[in-house]
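Let's take a walk through this one together. Have the sequence and the 3D view open, and we'll go from a sheet to a single side chain.

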Amino acid sequence: MSTTTLRSLRVLVSGAGVAGPALALRLAEHGAQVTVVEVAPRLRSSGFAVDFRGPTHMAVLERLGVLAELRARQTHGGAMTCVDEDDREIFTLPAAFAGGDLEVFRRDLSRVLYDRAADRVEYLFGDTVTGLDDTGSEVRVQFRAAGTRAFDLVVGADGMHSAVRRLVFGPEQDFVHRLGYHIAGWELPNTFGAAAGASRYFTVPGRTASISADPHDPSRATALVVFRTGDAPGDADGGGDVDWHDQDAQKKLVAHVFAGLPWHVPALLDALPDAPDLYFDAIARVSAPSWTRGRIALLGDAAWGVTLGGMGVGTGLVGAHVLAGELAAARGDHRTALAAYEQRMRAYAGRWQKGANPGRFLAPATGWGLALRNRLFATRLVQRSMVSGTKRLATDAALPTYP
């Protein structure tokens, strides 16, 4: 099949995180005319490390042509150690649990995917979709800044808070199911002596804080906090009503929730006001009965997102590979391609959504629950079971091969 299979296909991808640029790269290789719109003013320069596990993930990275470059940028994810307030070890989970077969920073992954197709893909940063009209023969798209344009296909790869899903499939609350916890993360100077790659977690009932040093720059570190929704002292909503665009309000909430805790928490909070970028969101799952409607499709977290522990990045790349491959195999026939895409991806994405709530592991709600977690995960049998369980999920799916 030639690289001009989709030469006349005009595709809009909403979202320049990971799945969006991956899809844009694959479609551009088939000759499609691809535009990516991203609400952020530029590629995001922050974010946690993401990992890939098993032959399915590694195969899709190779077919995207980015595996070698990502290996050069990998973080070699280290062990995860839970400590008490005096920084004494309670238990340590091995690197195989936390880092998978390949771990890289999300920002590096986005940059590599972007760079590989930037000369063939139009990117609209600082803009978003505000209206969609599927006429049957094309989709008329209204942008906040770029006016109205027409496309043959629109793909919402714009995360759990997808604008495309909201405009076409319904309000966010119909699809995003919060699991009772929030997560936040920010970068700061490494004044804690944290070892490169490794991470340390301090937990009290309903709240946990962690530090991990940047493996590429030991002078920098990342703080991550998780807290149970509604556990903020004197704050009934516990973050549920904080606008996910309002970083000032998010920072104030995090500072409020974690005020007064020992360990390194005061130093983490001291660095929070000056943090240039804050990741903040609810721990949630996305459940969408349908991922396609007419000429519009959902991809990645917009369709099957799971905050933490759901292999969301790897599954998003697999989805991008499948969606582009089915469009090429169908020579742009969106009806055939979108039906095949959803049929292929349903079972694969669904297996990752069946896991336990990661918030309950990271920040057990009660003192009894915290003590039980510490006792269980200090045993080698439980640790081996966790590592083997993630490997089993990651290795038993064949990646479709497309010409």
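Here is a short tour of a sheet and then of one glutamate.

Keep in mind that what you're looking at is a predicted model. Start with the open sheet, whose six strands come in the order β7-β2-β1-β11-β18-β17, with mixed pairing. At the edges you'll find β7 (121-125) and β17 (292-293), each with a single partner strand, so one side of each has no neighbour in the sheet.

Now settle on β11, which covers residues 153-156. On one hand, β1 (residues 10-14) runs parallel to β11, and four bridges join the two. If you want a spot to look for, L153 of β11 is the bridge partner of V11. On the other hand, β18 (residues 296-298) is also parallel to β11, this time joined by three bridges. Here V154 sits opposite I296 of β18, and G156 has L298 of β18 as its bridge partner.

Next, hop over to helix α11, which spans residues 334-352 and holds E342. Why does E342 count as buried? Its relative accessible area is 13%, and the cut-off for buried is under 20%. Leaving aside residues up to four places away in sequence, E342 touches P289, S290, W291 and T292. Zoom in on W291: its backbone nitrogen is 3.2 Å from a polar atom of the E342 side chain.

Key. Residues are numbered from 1 along each chain as its sequence is written. This is a predicted model: local features need pLDDT of at least 70, side-chain atom pairs count only at pLDDT 80 or more; totals for chains, interfaces and linings use all residues. Side-chain values use heavy atoms; hydrogens and water are left out. Buried means under 20% relative accessible area, exposed over 50%, partly exposed in between (1.4 Å probe, protein chains only). A polar contact is a pair of N or O atoms within 3.5 Å; within protein, one must be able to donate a hydrogen and the other to accept it, and residues adjacent in sequence count only if both atoms are side-chain atoms. Contact means heavy atoms within 4.5 Å. Two strands pair if DSSP finds at least two bridges between them.
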